[in-house]
Amino acid sequence: MTDNPDAILTQLPARLKAARTAQGLSLDAVAKLSGVSRSMVSQIERGESSPTIATLWNLTRALQVDFAGLLDSAPSPAQIEVLRAAEVPTINNLGSGCRIRILSPPEEAGKHEVYELLIDVGGMLDSQPHTRGAREHLTVLEGTVELRSGEAVGTVHAGDTARYPADVPHRIAAADGPVRAFLVVQDA
């Protein structure tokens with residue numbers, strides 16, 4: 001972060017506007033998302049008003065940008081993070097006949113988790129309830145799954161996607177052969 005407060009004030013309007021336009025948001029949308037008036041957002045973007053820390057915090061949350069990164073003097077270069085197949089963390093001891101490859105970054109744990117499930121014939125992933133409001137989205141790539149969420153039971157075939165509550169006991173089981181699927185867990 002820069003040590004020159006004048007540089008921060010000079011860069012802030014353009015960076016806020018760039019963050020808003022990069023997400024395709026209007027001034028009205030940012031105002032609604034942040035609780036900051038439309039006219040104040042416009043004045044800040046034009047450099048006609050300096051936001052308080054609280055206002056800036058609300059704007060960064062609404063725009064889903066990093067507070068410190070917004071004030072950083074050097075823009076970060078574009079990066080592509082590649083995790084090679086052999087480097088993907090894998091869990092082999094959860095469930096029976098089930099291998100879980102963790103595809104999401106560690107900082108997403110508990111918020112938005114992405115997994116590849118590889119379930120052997122007769123295998124299953126039996127899960128206890130996650131936090132209240134948690135949901136899972138299961139897309140079967142190969143095979144057929146018998147899915148249970150609480151008392152609800154369903155069959156999910158290759159190419160199908162199931163969405164269901166994960167704040168109750170739930171089970172993903174290979175129905176009649178090996179299974180390969182992607183699992184997204186929200187708000188676990």
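Some ground rules come before the tour. Residues are numbered from 1 along each chain as its sequence is written, and side-chain values use heavy atoms, with hydrogens and water left out. Since the model is predicted, local features need pLDDT of at least 70 and side-chain atom pairs count only at pLDDT 80 or more, while totals for chains, interfaces and linings use all residues.

**The big picture**

A78 sits in the loop between α5 (67-71) and β1 (90-91). Is A78 buried or exposed? A78 is exposed, with a relative accessible area of 83%. For these words, buried means under 20% relative accessible area, exposed means over 50%, and partly exposed is in between (1.4 Å probe, protein chains only). The C-alpha atom of A78 is separated by 31 Å from that of L138, which is 60 residues away along the chain.

Helices (H or I, at least four residues) and strands (E, at least two) are DSSP runs, numbered from the N terminus.

| Helix | Buried residues |
|---|---|
| α2 (residues 27-34) | L27, V30, A31, S34 |
| α3 (residues 38-45) | V41, S42, I44, E45 |
| α4 (residues 53-63) | T55, L56, L59, T60, A62, L63 |

Start with α2, where L27, V30, A31 and S34 are buried. Looking down the axis of α2, these buried residues fall within an arc of 100 degrees, so they line one face of the helix. The arc is that of the directions from the helix axis to the C-beta atoms. On the other side of α2, K32 and L33 are exposed. Following α2 comes G35, with a positive phi near 80 degrees.

Now for α3, with V41, S42, I44 and E45 buried. They cover an arc of only 160 degrees around the axis, which puts them on the same side of α3. Just after α3, G47 has a positive phi of about 75 degrees.

In α4, the buried set is T55, L56, L59, T60, A62 and L63. Their arc around the axis is only 160 degrees, which puts them on the same side of α4. I53 and A54 are exposed on the face of α4 turned away from its buried side. Just after α4, Q64 takes a positive phi of about 55 degrees.

E113 is in strand β3 (residues 112-127). A polar atom of the E113 side chain does lie 2.5 Å from the backbone nitrogen of G110.

H170 lies in strand β8 (residues 170-174). H170 is buried too, with a relative accessible area of 2%. Leaving out residues up to four places away in sequence, H170 touches several residues, including L125, E136, R148 and Y164; contact here means heavy atoms within 4.5 Å.

Note on methods: A polar contact is a pair of N or O atoms within 3.5 Å; within protein, one must be able to donate a hydrogen and the other to accept it, and residues adjacent in sequence count only if both atoms are side-chain atoms.
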